[in-house]
Amino acid sequence: MKSSMFKLTAVAALLCAATLLSCSGKKASKTVTSQDGTSVELPSDLYLYTNAARANKAKVNKEHLGFKQDVKDVKEHEFENNQSIKEVYLIDGFVHISPYGFAGCTNLEKLVTTGTVDVINDYAFEGCTSLKYLDSDVRAIGVSAFAGCTSLEYVHTKDNFYQLRDSAFLGCTSLKSVIMGMTLVKFEDEAFKDCPNIEEISVPNDYKLHMFNVYQSMPKLQKVYLLVMEYYDFPANSKDFPCEQVDLYVPDALLAQYQGSESWSRFKSIKPLSETEYYTAEGFSK
C-alpha cells in the first residue's frame, strides 16, 4: 500500500512539473515571440487592458499591465499616479504613449516593448522613481518623458530612434549607460541635464561635431562609442571634454586613422567597436 501511495505521489509531482504549475497551484510565466523575433516572457497574471475598460474608465489595480491587440496607445493622463502597476508590456503594434500617460507611477519598475513604438511623448513617465531600465525600439522621446526617474540605470534604443527632446532624462541621477543607434537626427542639448553618473554613451553620426561639447558635464564618463561613417578631427569646441579618462571606441575600418591622429591622442585609449558588448554580426546595438 505504501509503495502504491509513493508511486501516485511521484506521478502527481511529475504531472505538476510537466504542466508548469507549482504544487501550490501558482502558474508559471509564458514566453511569446513577437513579430520582430524577440522572445518575451509574460507573467501568468498579466492583466490585458481593453477598449471597453477604457470606455468605462476602469481603475487598474494590477501589478502586471498589458494591452489587447486593438489597443494601440495610452491616452493622456490615463494611468497617471497609479500606484499598483509594477510592470508594463507593450507587445507588437503599440504606437504611442501620450503626455503623462504613466507619470507619477512610482512603483513602476519595468517597461517591456517589442516592435517599434513611434512616440513616448512629453512627461509620459515623469517621476516613475522605481523604473530601472529602458530598452526599446522607439522613434521619438519627448520633453521630460523620463524626467525624475531617479532609479533609471540604462537607456538603450535601436536604429529607428531619430528624436530626443530637451530634459528627456532630466535628473536621472542613477543613469549610467546611454546607447543610441547612429540614425538620431534631432538631439536637444539638455536631454541628459543633471545626469552626473553616466559612465558610457554613444555618439550618433549626425551629431558627431556636437555631442562632445554636450557631454563635457559628465564627470564619471569612461567609455564613448563613436558611430560615424568616416574619419573627422576632434571638435575644436570641446576642449574641456575629459578625454584623458575616456576609452574611445570607433568603427573597425577607421581604427588606424583615429589611432594615428594627434587630435584624438588625448583619449585614454582608442579601440574598435567590435570589442564592445553591444557589437553583433549585424552591427552596433542591433
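## Leu227 and its surroundings

Leu227 touches Met180, Gly181, Met182, Ser202, Val203, Pro204, Asn205, Leu273 and Phe284, leaving aside residues up to four places away in sequence; contact here means heavy atoms within 4.5 Å. This is a predicted model, in which local features need pLDDT of at least 70 and side-chain atom pairs count only at pLDDT 80 or more, while totals for chains, interfaces and linings use all residues. Residues are numbered from 1 along each chain as its sequence is written, and side-chain values use heavy atoms, with hydrogens and water left out.

**Leu227**

- Leu227 sits in the loop between strand 16 (223-226) and strand 17 (247-250); strands (E, at least two residues) are DSSP runs, numbered from the N terminus.
- The relative accessible area of Leu227 is 6%, so this residue is buried (under 20% relative accessible area, with a 1.4 Å probe and protein chains only).
- Between Leu227 and Tyr249 there are 8.6 Å in space, C-alpha to C-alpha, and the two are 22 residues apart in sequence.

**Aromatic pairs**

- The structure holds 27 aromatic pairs, counted when the ring centres of Phe, Tyr or Trp (its six-membered ring) lie within 6.5 Å.
- One of them joins Tyr225 and Tyr278 edge-to-face, at 5.7 Å centre to centre and 80 degrees between the planes (edge-to-face means over 60 degrees).
- Tyr225 belongs to strand 16 and Tyr278 to the loop between strand 18 (269-272) and strand 19 (279-280), so the pair ties together parts that are 53 residues apart in sequence.
- Both Tyr225 and Tyr278 are buried.
- One aromatic cluster includes Tyr49, Phe67, Phe79 and Tyr207.

**Ser177**

- Ser177 lies in strand 13 (residues 177-179) and is buried, with a relative accessible area of 8%.
- Its side chain makes a polar contact with the side chain of Glu200 at 2.6 Å; such a contact is a pair of N or O atoms within 3.5 Å, where within protein one must be able to donate a hydrogen and the other to accept it, and residues adjacent in sequence count only if both atoms are side-chain atoms.
- Ser177 also touches Tyr278, along with residues including Glu153 and His156.

**Strand 6 and its partners**

- From strand 6 (residues 87-90), Glu87 and Tyr89 point one way and Val88 and Leu90 the other, and all are buried.
- Strand 4 (residues 64-67) runs parallel to strand 6 and is joined to it by 2 bridges (pairing takes at least two DSSP bridges).
- His64 stands opposite Glu87.
- Strand 8 (residues 110-113) is parallel to strand 6 too, with 4 bridges between them, and Leu111 is the bridge partner of Val88.

Key. Buried means under 20% relative accessible area, exposed over 50%, partly exposed in between (1.4 Å probe, protein chains only). Rings of Phe, Tyr and Trp (its six-membered ring) pair if their centres lie within 6.5 Å; planes under 30 degrees apart count as stacked, over 60 as edge-to-face and the rest as tilted.
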